[in-house]
Amino acid sequence: MFRVLASLAIAVLWTVSVHAQQPASRLDDIIKRSTLRVGMTGDYRPFTYYDKDNSKFQGFDVDMAEALGKALGVKVEFVKTAWPQLMKDFEADNFDIAMGGVSITLDRQKKGLFSAPIMREGKTPIARCADQGKYETIADIDKSGTRVIVNPGGTNERFAKANIKNAEIKVWNDNVTIFDEIAKGNADLMMTDASETRYQQKQHAGVLCAVHPEKPFDFSEKAYWLQRDVALKAFVDQWLHIATQDGSFRKIYATWFD
């Protein structure tokens, strides 16, 4: 009997010891420090835009980040990053979550976890309206003399380099003014996410036109890129589920996309 009790006592102590050694989840850490650190590039309207005049972020995913912070009961701290250094900043643990039009990729999946997708789309061209019919297919675009403009460091550049062999690829470092380059005639088109082409078409009404955004060249989804913590992912996924059901997601979406 003594041996049985002793064995049980050892087992209990071992269980307690193992439990004590287990690190707290990132979700616990976020709640404890009362801050959610959100990485954003600030150059991808309407998802995120950094206004240098007032040093503030604005956009769809900015509002979504604030809503997530409210659901967690913490304040939101926005961390400025850029597409070429997004992976490095993520690996350096500069933020808990990356938001702002982030596409799901397998390379990013290796480093962290993605939330449930918030949007389904793909790459499609945007060009001057007068040239809209010239760039229906990749073959139409990939011709000598065509100037394809692209912002560096993200999926747009990756898609262009994978598919364009004959046309010129022109790298433009400022994703905020890149569409003005097409409007001014300094480039012929850009291939980017359908949601962005629709938005920029509105911003350059009668000048730039999205080319078949309802039928993009490929398939992709946008989501929120989380540091690898299952508890945090579970919370974010549940928050998104509730937001889509109670109408709050649609309300924020309508503000920026409709």
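**View 1. β7 and strand β15 (residues 225-226) pair in the antiparallel sense.** Two bridges join β7 and β15. F114 stands opposite W225 in β15. The model is predicted: local features require pLDDT of at least 70, side-chain atom pairs count only at pLDDT 80 or more, and totals for chains, interfaces and linings use all residues. Numbering starts from 1 along each chain as its sequence is written, and side-chain values use heavy atoms, with hydrogens and water left out. Helices (H or I, at least four residues) and strands (E, at least two) are DSSP runs, numbered from the N terminus. Two strands pair if DSSP finds at least two bridges between them.

**View 2. The β7-β15 pair belongs to an open sheet of five strands.** The order is β5-β1-β6-β15-β7, and the pairing is mixed. Which strands stand at the edges? They are β5 (75-80) and β7 (113-114). Each has a single partner strand, so one side of each is left without a neighbour in the sheet. Strands of a sheet pair through backbone hydrogen bonds, either parallel or antiparallel.

**View 3. A three-strand open sheet has antiparallel pairing**. Its order is β2-β3-β4. The edges are β2 (43-44) and β4 (56-58), each with a single partner strand, so one side of each lacks a neighbour in the sheet. β2 runs antiparallel to strand β3 (residues 48-51), with two bridges between them. Across this pair, Y44 stands opposite T48 in β3.

**View 4. S55 sits in the loop between β3 and β4**. Buried, partly exposed or exposed? With a relative accessible area of 48%, S55 is partly exposed. The cut-offs are under 20% relative accessible area for buried and over 50% for exposed, with partly exposed in between (1.4 Å probe, protein chains only). S55 and D28 are 27 residues apart in sequence. In space, their C-alpha atoms are 29 Å apart.

**View 5. Helices α2 (residues 26-33) and α10 (residues 230-246) cross at roughly 75°**. Their axes come within 6 Å. That makes α2 roughly perpendicular to α10. Axes are lines fitted to C-alpha atoms, for helices over the stretch in contact; angles run from 0 to 180 degrees between N-to-C directions. Under 35 degrees counts as roughly parallel, over 145 as roughly antiparallel, 65 to 115 as roughly perpendicular and the rest as oblique. R26, L27 and I30 in α2 meet A231, L232 and F235 in α10. Contact means heavy atoms within 4.5 Å. Five of the residues in this contact are nonpolar, none is polar and one is charged. Nonpolar covers Ala, Val, Leu, Ile, Met, Phe, Trp, Tyr, Cys and Pro; charged covers Asp, Glu, Lys and Arg; the others, Gly among them, are polar.

**View 6. A disulfide joins C129 to C209**. The S to S distance is 2.1 Å. C129 lies in the loop between β9 (123-128) and α6 (138-141), and C209 in strand β13 (residues 208-210), so the pair ties together parts that are 80 residues apart in sequence. The count comes to one disulfide, taking a pair of cysteine sulfur atoms within 2.5 Å as the criterion. The torsion about the S-S bond is about 90°, so the disulfide is right-handed. C129 is partly exposed at 22% relative accessibility. C209 is buried at 13%.

View 7. Of its 258 residues, 47% count as buried. Among contacts with a separation of 6 or more, 73% join residues 24 or more positions apart.
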